[in-house]
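Please consult the sequence and the structure shown here while reading.

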Amino acid sequence: MNAAKIIARINPHAHRFERGIQGFGALNEHDILLALSLISSDGARLLGRVLYAGHTQFRHDLWLTMVLEAHVAAGRDNWLAPGEETGRICNLALTEFMRPRRCSYCKGQESVPDPTNPRLKVDCPKCEGQGSRPWGDFTRARVAKMGRKYWGKYWSERYGNTILPMLDKYHDIFWQGMAKRLK
């Protein structure tokens, strides 16, 4: 079972209102919410609700969870960063993680027509045939509302080594938890 499709069923816009015999082993909304509530990590549970169920009202709670974990990392690694910047960086990470991951040049197709022979397809030069690409440092600095040099000096490494892996960890815990409970 695909956890993303299952969680999407509790989205209010995709909610099924018909009732009746659902068959042996069929999951209803209560089963899905119970499985979601049994995930021990607050960040993972909130990420699943925001990213897959469309419960955007929990985005602020997810952001707060990230900021708290980032402050723990800041204390552990002796960062000299004000709380306001950490909050903006966590907001940047959420925005980047939840955006549609599609290359704007090839529109996610992973290939484009060859300029010399339009009948042939070649790997997209922008995303290198991946269909998506991460934001660069310039875009990240702009979204975080800080200068490019300041970003590069203080935040680029922290972002790549601490903040983004935090979201990846939440995502992995979410998938493992849902797969374990919805077998």
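In this predicted model, Arg-45 is partly exposed, with a relative accessible area of 21%. Its salt-bridge partner is Asp-42, which is likewise described as partly exposed, at 42%. A search of the whole structure finds six salt bridges; three of them are described below.

**Within helix 3**
- The side chains of Asp-42 and Arg-45 form a salt bridge, with an N to O distance of 2.2 Å.
- Both residues belong to helix 3 (residues 42-51), where a spacing of three residues separates them by about one helical turn.

**Between helix 5 and helix 6**
- A salt bridge joins Arg-140 and Glu-96, whose closest N and O atoms are 2.9 Å apart.
- This pair links distant parts of the chain, 44 residues apart: Arg-140 is in helix 6 (residues 137-143) and Glu-96 is in helix 5 (residues 83-98).
- Arg-140 counts as buried because its relative accessibility is 12%, which is under 20%.
- Glu-96 also counts as buried, with a relative accessibility of 6%.

- Arg-148 and Asp-137 form a salt bridge in which the closest N and O atoms lie 3.8 Å apart.
- Arg-148 is partly exposed, its relative accessible area being 42%.
- Asp-137 counts as partly exposed at 25% relative accessibility.

Terms used. Residues numbered from 1 in each chain as written. Predicted model: local features only at pLDDT ≥ 70, side-chain atom pairs only at ≥ 80, totals over all residues. Heavy atoms only, no water. Salt bridge = Lys/Arg side-chain N within 4 Å of Asp/Glu carboxyl O. Helix = DSSP H or I, 4+ residues; strand = E, 2+ residues; numbered from the N terminus. Buried < 20%, exposed > 50% of the residue type's maximum accessible area, 1.4 Å probe, protein only.
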